[in-house]
Amino acid sequence: MSIDIETAARVAKLARIKVEDDDLPALAGEFNAILGFIEQLQELDVDDVEPMTSVTPMRLKRRPDEVTDGHQQARVLANAPDAREGFFAVPKVVE
Amino acid sequence: MMSDLNTLTIAEARDALRKGETTSADLTEACLAAIDRADALGAVAHKTPEIALERAKAADDRLKAREEAPAMCGIPLGIKDLFCTEGVPSQAASRILEGFRPEYESTVSAKLKAAGAVMLGKLNMDEFAMGSSNETSVYGNAVNPWKVGDAPLTPGGSSGGSASAVAADLCLAATGTDTGGSIRQPAAFTGTVGLKPTYGRCSRWGIVAFASSLDQAGPMTKTVRDAAIMGAAMMGHDAKDSTSADMPVPDFEAMLTGDIRGKVIGIPKEYRMDGMPEAIETLWSQGAEMLKDAGAEIRDISLPHTKYALPAYYVIAPAEASSNLARYDGVRFGHRAQLAQGDGITEMYEKTRAEGFGDEVKRRVMVGTYVLSAGFYDAYYNRARKVRALIKRDFEEVFAAGVDSILTPATPSAAFELGRDVSDPVEMYLNDVFTVTVNLAGLPGISVPVGLDAKGLPLGLQLIGRPWEEGDLLNTAYALESAAGFVAKPSKWW
């Protein structure tokens, strides 16, 4: 499995990280080194193995479905790069 | 006043506080002075002297009031920058969290605070805990107080600032976190003790998430006894973390008898790596000999899937990281890029993340994105989760056969030079070869300083225990520590 420049560009896009065109070949090279290392996993026969989902089998705790928190608008917005009129402000999303 | 208060262990300070031989304020001032003289170590990223002195005073009042104060009351600590601390910068050593001051306190640091512990400052680390040398931090490198010749050495990573601060006596102990070895490897590189508890022992709430199924907080200390004291103070059930275990936390310190007669210690043959330095090999045999002399039975064991642990880790950890780090989008907290005319929300995300994340973080987020993308999920992610089940089964079989703990090297080398060329990212990943299996299986592991290499640098051994049996593990570590008699300290150059 070899990653080409287009695939590297597609992955960067999916991850929402801007990568300049000039940097794509080096990035593809690094992906290939890491994926080459990961490739060893294909040696094992895992057909009858259940994927591990939790470290220790534990039933998730339940609690009544009720509101336990809230009314903290100012604190929620305190770290926002741009907060206005009680909202997070972002560039226009819908034309 | 006692001299060199910053060099005390937690146990020594606790006892001195109760005898009235010192005060938390004196301990704290000694540590703050040591921190101010140690900028060359780069260990402390954000100093919080006002908070420290205020909490020290409160601790002294509490100790004077003769109420039964917890063991950690008045003990000055460093807190890894990965822990959210209310009103204090908490940026996981990343540019993307510049200026972030949480409105809340992580459960672990809140428990320490409630016990009366004193926060001295926030400690350096690899960005988002991704690294093994503390070279990916936005704050610059943390440096190992141990030195040979002129070249500065790494304190390891990702809890490099914590390890450096504890080894240099800038604090009595520090918090760390461990996703693939980030407590145990830096502890080994600095001649200190690092405990990674069983997954679920410490709440992950309020700790900046890297790989949620692997992350676990733990203490980084000068002695095994201190790891027992501080570890117990950090653990316990928390309704805010659904994976936190609702189990009682025993008094680990009371379990430190040093008596390990009849215990079975496994030596896994797969951990004997090609090209392992002779010093590590020798140390490992010596460690086994010490435990044998203390009355333990040494047994050769096999953990056949060991070689697949690192490749499985480098699927699972990046996959979980890509998902966890999706929250850094420039909307709710941290850095937002300056936008050009006509830029929309996608450009805002892409520019913000390109500016805010360092190279290693970007690399892992993108690898994680790739292995989770349509068409590859089964081939990579699901396969890695199956391999993880096999690695866990290896341990379960060995424990079922009567093995109590497993002894391995902690790291494949002593501390290496900062700034060495790592053009192949995989080469850096090999640092975690002995520690990463423990995270995948969710087990407790501890690194104990046991000796020095030919150049005079500290080396550690790792003990791995049964799930939830930190008490037994700490007792075996205590026996190893007592037998090794490691007392060396770095000579002060900073």
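A salt bridge here is a side-chain nitrogen of Lys or Arg within 4 Å of a carboxyl oxygen of Asp or Glu. By that rule, this predicted model holds 28 salt bridges over all chains. Local features need pLDDT of at least 70, and side-chain atom pairs count only at pLDDT 80 or more. Residues are numbered from 1 along each chain as its sequence is written.

| Arg363(B) | Glu30(A) | 3.0 Å |

Arg363(B) bonds with Glu30(A) in a salt bridge. Arg363(B) lies in helix 11 (residues 359–372) of chain B and Glu30(A) in helix 2 (residues 24–38) of chain A, so the pair joins two chains. Helices are DSSP runs of H or I with at least four residues, and strands are E runs of at least two. Arg363(B) is buried at 14% relative accessible area, while Glu30(A) is partly exposed at 22%. Buried means under 20%, exposed over 50%, partly exposed in between (1.4 Å probe, protein chains only). Glu30(A), Glu360(B), Arg363(B) and Arg364(B) are linked in a salt-bridge network.

Val93(A) follows strand 2 (87–88) of chain A. Val93(A) is exposed, with a relative accessible area of 54%.

Note on methods
Chains lettered and ligands numbered in written order. Heavy atoms only, no water.
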